[in-house]
Amino acid sequence: MPKSLWYEDRFMRSDSEINLICIPYAGGGPQIFYKWAEYLPEFVSMFPVYLPGRFGRIKEKPISNMRKLVDILVNEISVLTNKKTIIFGHSLGALIGYQLVYRFYESGLNINHFISSGCRAPDLPYLYEGLFLKSDDDFKRALIKIGATKPEFAFDETIYKVFSKSLRADFKLAEWKIERDLFQKIDVNSTVLYGDKDVIVSESDIKGWSNFFNDVEYHSFSGKHFFIDDDVSKLFTVLNNVFYQNKVR
């Protein structure tokens with residue numbers, strides 16, 4: 001498999017049966033998925049997506065146009081659909097993942113399951129229009145108020161200076177109403193995860209995912225928007241069930 005800047009292959013297993021593609025939340029890099037490795041079944045390879053403008057790609061310009069980003073990702077990661085394929089995305093990552101799932105499905109590539117985590121249904125209006133245009137002070141205050149990104153990104157001035165460009169680009173990516181492609185329901189199963197104390201994504205906000213996928217299961221977790229970082233072992237009680245179900249299909 002050729003090397004790519006767009007995903008990490010350190011968790012690849014040559015004899016695996018499923019490829020898990022993981023797309024991070026706003027401002028996040030592949031590192032947020034590293035601790036998942038110890039919970040993965042032996043038949044699953046994990047490929048965290050690596051977007052420009054953060055961590056090892058910090059000197060690269062972040063991409064703020066959804067179609068441009070998805071076009072690149074389709075070209076770069078379609079090679080990973082050589083096996084059964086599951087896409088996981090949290091928050092902004094789920095919006096990106098939604099686009100990828102449909103593009104893979106439309107192209108006849110393997111796409112077996114989509115896991116949306118901490119994300120409103122894609123047909124709902126965006127709540128924070130113009131946030132990426134705010135001054136630094138207003139932008140940081142908004143991030144803290146809505147819990148839209150990790151607190152350390154806003155509170156630590158050094159970290160904020162490093163990641164503010166990618167954060168702003170990510171919030172512009174989320175504001176894709178004028179370029180939003182909403183697709184017909186497709187024959188792909190989906191699992192939707194949400195935090196019961198999330199002030200950004202309510203239980204009613206996620207129900208619309210059933211309009212876009214064939215069979216949707218919903219799972220609530222104790223926590224706020226970043227509940228996936230709170231208790232990985234509990235998270236994997238759901239994820240491993242998804243993996244085993246797809247293994248036998």
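Helix α2 spans residues 92-106, 15 residues in total. From first C-alpha to last, α2 reaches 22 Å, close to the 21 Å expected at 1.5 Å a residue. That expected span is 1.5 Å times one less than the number of residues. Helices here are DSSP runs of H or I with at least four residues, strands are runs of E with at least two, and both are numbered from the N terminus. The model is predicted; local features need pLDDT of at least 70, side-chain atom pairs count only at pLDDT 80 or more, and totals for chains, interfaces and linings use all residues. Residues are numbered from 1 along each chain as its sequence is written, and side-chain values use heavy atoms, with hydrogens and water left out.

Helix α2 is mostly covered, with twelve of its 15 residues buried. Buried means under 20% relative accessible area, exposed means over 50%, and partly exposed lies in between (1.4 Å probe, protein chains only). The buried set runs from Leu92 through Gly93, Ala94, Leu95, Ile96, Gly97, Tyr98, Gln99, Leu100 and Val101 to Tyr102, and also includes Phe104.

Ser91 sits in the loop between β3 (84-90) and α2. Its phi is near 60°, a positive value in a residue other than glycine. Ser91 counts as buried because its relative accessibility is 17%. Just after α2, Gly108 takes a positive phi of about 80°. Most residues other than glycine have a negative phi. Phe55 is another non-glycine residue with a positive phi, about 50°. Phe55 belongs to the loop between β2 (44-48) and α1 (66-77). At 32% relative accessibility, Phe55 is partly exposed.

Contact means heavy atoms within 4.5 Å. Asp170 is buried, with a relative accessible area of 1%.

Helix α5 (residues 157-174) also packs against helix α3 (residues 136-146): their axes come within 12 Å and cross at roughly 80°. The two helices are therefore roughly perpendicular, a class covering 65 to 115 degrees; under 35 counts as roughly parallel, over 145 as roughly antiparallel, and the rest as oblique. Axes are lines fitted to C-alpha atoms, for helices over the stretch in contact, with angles from 0 to 180 degrees between N-to-C directions. On the α3 side, the contact involves Asp136, Phe139, Lys140 and Leu143. On the α5 side it involves Glu157, Tyr160, Leu167, Arg168 and Phe171. By class, this contact has five nonpolar, no polar and four charged residues.

Pro30 lies in the loop between β1 (18-23) and β2. With 0% relative accessibility, Pro30 is buried. Not counting residues up to four places away in sequence, Pro30 touches Glu8, Pro48, Val49 and Tyr50. Pro30 and Gly56 are 26 residues apart in sequence, yet their C-alpha atoms are 9.9 Å apart in space.

The disulfide count is zero, where a disulfide is a pair of cysteine sulfur atoms within 2.5 Å. Cys22 is in no disulfide, and its nearest cysteine sulfur, in Cys119, is 15 Å away. That distance is too far for a bond between Cys119 and Cys22. Cys22 is buried at 0% relative accessibility. Cys119 is also buried, with a relative accessible area of 5%.

Conventions:
Nonpolar A, V, L, I, M, F, W, Y, C, P; charged D, E, K, R; others polar.
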